[in-house]
Amino acid sequence: MQIPPRDLALDRAALVVVDVQRGFDDTAHWGERDNPACEANIAALLARWRERGWPVVFVRHDSTSDASPLRPGQPGNDLKPEVTGTPDLLVTKSVNSSFHGSPDLDAWLRANDIAQLVVTGISTNHCCETTARVGGNLGYDVYFALDATHSFDRTAPDGTVVPAATLAAVTATNLDGEFATVVTTADLLR
């Protein structure tokens, strides 16, 4: 999906890196993915955020399902190697929204006078989209870095397979101008 370049007025926005965990590399469990550049884009954003001295939040999904590669105590629960350094905040959750984890992301953002956030991570149409929607509903100025997310092919209720790229395009369409501003990594690196 081509997104036109956007001029952004970022002011100490928090970079929220959602569920970039090794367990998502298990294609037997999750299926085929889109956007092979996702992790490299996240790494570039992390580097720029640290250069700026802006806040970084890591979010980790601690699955409660015994069948999940994301459950605590398993190698799949670990963050991927591109997610480096110590974040300003580490949120753990077992649901889709990063705002429904521990510690409380909303309380931390407000306590630190942060009004903007940039959502990146896995997967585009689940935890990233849900985080952006809740953030928008809570009044944050949310930027959704579409090319710093990725998704997986999904089977629809009628049995057809919806490609990950289609799901990402629908997420971008649903979010942009309503819950968030959909941007690219290049927009954020300017």
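**Figure 1. The surroundings of K93.** Setting aside neighbours within four places in sequence, K93 touches V18, D19, V59, R60, H61, D62, S98, H100, G101 and C127. This is a predicted model, so what you see here was computed. K93 belongs to strand β3, which covers residues 89–93. Is K93 buried or exposed? With a relative accessibility of 4%, K93 counts as buried, because the cut-off for buried is under 20%. Look also for the partner of its side chain: a polar contact of 2.8 Å links K93 to the side chain of D19.

**Figure 2. The largest nonpolar core.** In soluble globular proteins, nonpolar side chains tend to be buried together. Here the largest such core contains 29 residues, and V57, L109, L117, V119 and F144 have the most contacts inside it. At least two residues of this core come from each of β1 (14–18), β2 (56–61), β3, α3 (105–111), β4 (116–122), α4 (124–137), β5 (141–150) and α5 (164–175). Which element gives the most? It is α4, with four residues.

Figure 3. Once neighbours within four places in sequence are left out, the contacts of F144 include V119, C128, A132, L175 and V183.

**Figure 4. Helices α4 and α5 side by side.** The axes of α4 and α5 are 10 Å apart, and the two helices pack at an angle of about 10°. They are therefore roughly parallel to each other, because angles under 35 degrees count that way. On the α4 side, the contact is made by T124, N125, E129, A132 and R133. From α5, the residues taking part are L167, A168, T171, N174 and L175.

**Figure 5. Cysteines without a disulfide.** A disulfide is a covalent bond between the sulfur atoms of two cysteines. How many disulfides does a search of the whole structure find? The search finds zero. Take C38 as an example: its closest cysteine sulfur belongs to C128, at 7.6 Å, which is too far for a bond. For C128, the closest cysteine sulfur is the one in C127, and that gap of 7.1 Å is also too far for a bond. C38 is buried, with a relative accessible area of 0%, and C128 likewise counts as buried at 0% relative accessibility.

**Figure 6. A loop residue in the open.** P75 sits in the loop between β2 and β3. Its relative accessible area is 59%, so P75 is exposed. In sequence P75 and R22 are 53 residues apart, while in space their C-alpha atoms are 7.0 Å apart.

**Figure 7. Backbone features to look for.** Most residues other than glycine have a negative phi, and most peptide bonds are trans. Two cis peptide bonds are shown here. One runs from S102 to P103, with omega near -5°, and P103 lies in the loop between β3 and α3. Another runs from I122 to S123, with omega near -10°; S123 is in the loop between β4 and α4. R12 is not a glycine, yet its phi is about 55°. You will find R12 in the segment before β1, where it counts as partly exposed at 32% relative accessibility. N35, also a residue other than glycine, has a phi near 45° and is placed in the loop between α1 (27–30) and α2 (38–52).

Methods
Residues are numbered from 1 along each chain as its sequence is written. This is a predicted model: local features need pLDDT of at least 70, side-chain atom pairs count only at pLDDT 80 or more; totals for chains, interfaces and linings use all residues. Side-chain values use heavy atoms; hydrogens and water are left out. A disulfide is a pair of cysteine sulfur atoms within 2.5 Å. Buried means under 20% relative accessible area, exposed over 50%, partly exposed in between (1.4 Å probe, protein chains only). A polar contact is a pair of N or O atoms within 3.5 Å; within protein, one must be able to donate a hydrogen and the other to accept it, and residues adjacent in sequence count only if both atoms are side-chain atoms. Contact means heavy atoms within 4.5 Å. A nonpolar core is a set of buried Ala, Val, Leu, Ile, Met, Phe, Trp, Tyr and Cys residues joined through side-chain atoms within 4.5 Å. Axes are lines fitted to C-alpha atoms, for helices over the stretch in contact, and angles run from 0 to 180 degrees between N-to-C directions. Angles under 35 degrees count as roughly parallel, over 145 as roughly antiparallel, 65 to 115 as roughly perpendicular and the rest as oblique.
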